Structure formats: C-alpha cells, structure tokens
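I want to look up a few spots here and write down what I find.

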Amino acid sequence: MKKIAQFFKVSKDEFIKSAQGVDYENILLPKRATAGSAGYDFFSPTEVSLSPGETVKIPTGIRVKIDEGWVLKIYPRSSLGFKYRLSLDNTVGIIDSDYYFADNEGHIFIKMTNCGNKDLLIEKGKAFAQGIFLEYGITVDDDCTTLRTGGIGSTDKK
C-alpha cells in the first residue's frame, strides 16, 4: 500500500478561533478501524446533538499533508448515514493537497445535517465521518499555476 499522507492537529491558536471551550489536548487523529478499511475515521472533539433537520459545523482540529496528485474525500460514516440519514452539506468534502498550506492551516471542518426523523447524539471521541484518499489526474493542456492562500471556498476568489 502506498503511503501518501499524514494527519496532524492544527495549532492550538488556530483551533481556539473556531472551537472555544473544546478541549484541544484530547483531539484524536483520524485512523482506520481495521487493516482492510479504506476510510480514516474522524472523531468528534466534542459532544454533538442533532435533532431532525438540524445542521452542525464541526471543527475537527485536524489538517492533513497529502502528496500532490492525491485528494482526501470526506463522507459521513456509513452507519450514521444509514440509520439517521446524516449527510454532509456539500455532499462530499474535498480536501486538496494544497489546503494544508491555507491561511487557516488547512483546518478541516465538517458540516452535517440530520436529514432523518430521529435525534442523533455524537459522543465526544466517537467516529462520525470518514476520509478516503484517492489519486486523481489532470488534463494534458492544464496550465494552472495559481497558489492557494485562503481556506474553505477561497479558490474562486481570485
């Protein structure tokens, strides 16, 4: 298996900007549950309660350094999507390799909505999303040289 990435915590100062009152020291780095798992589980840094129709943006405290030519795609954990219809608000989160160098240190946020009809409680330290690394290609006539500076939603603000 090719090793192409590594997870880190964002700095404490960066994390506190978006997650005041959440314990930085207990942030868990994503990991696979089994040797055959494709997805790296993301763990909630705090308890999250979602009623039907409610939305939450979870600051994970995580950043990832990814080799060029690879992307991290974020999905809800299969069991939460199946049991609660938990879905990502952007359908699939895309973490580009250059996001690591963004102004916000590449801090990964995961915004989710409970689309089901049952209350959902995500306990602190429990897996709620998963990330899968995929290789990608570019077109033969691609000539993009623009460098990222901002965080989420910044690449269309040139």
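Before anything else, my rule for touching: contact means heavy atoms within 4.5 Å. I'm working on a predicted model, where local features need pLDDT of at least 70, side-chain atom pairs count only at pLDDT 80 or more, and totals for chains, interfaces and linings use all residues. Residues are numbered from 1 along each chain as its sequence is written, and side-chain values use heavy atoms, with hydrogens and water left out.

Entry: Ala-5. I found Ala-5 in strand β1, residues 5-9 (strands are DSSP runs of E, at least two residues, and helices are runs of H or I, at least four, numbered from the N terminus). Leaving out residues up to four places away in sequence, Ala-5 touches Val-64, Lys-65, Ile-66 and Phe-133. I checked Val-64: its C-alpha is 6.8 Å from that of Ala-5, though 59 residues separate them in sequence.

Entry: the partner strand. I see β1 and β5 running antiparallel, joined by 5 bridges (strands pair if DSSP finds at least two bridges between them). Phe-7 stands opposite Val-64 in β5.

Entry: buried or exposed? I use under 20% relative accessible area for buried, over 50% for exposed, and partly exposed in between, with a 1.4 Å probe and protein chains only. Ala-5 is partly exposed at 33%. In β5 (residues 62-66), 4 of the 5 residues are buried, so the strand is largely enclosed by the rest of the structure.

Entry: Glu-14. I located Glu-14 in helix α1, residues 12-18, and noted it as buried at 10%. Beyond its neighbours within four places in sequence, Glu-14 is in contact with Asp-103, Asn-104, Glu-105 and His-107.
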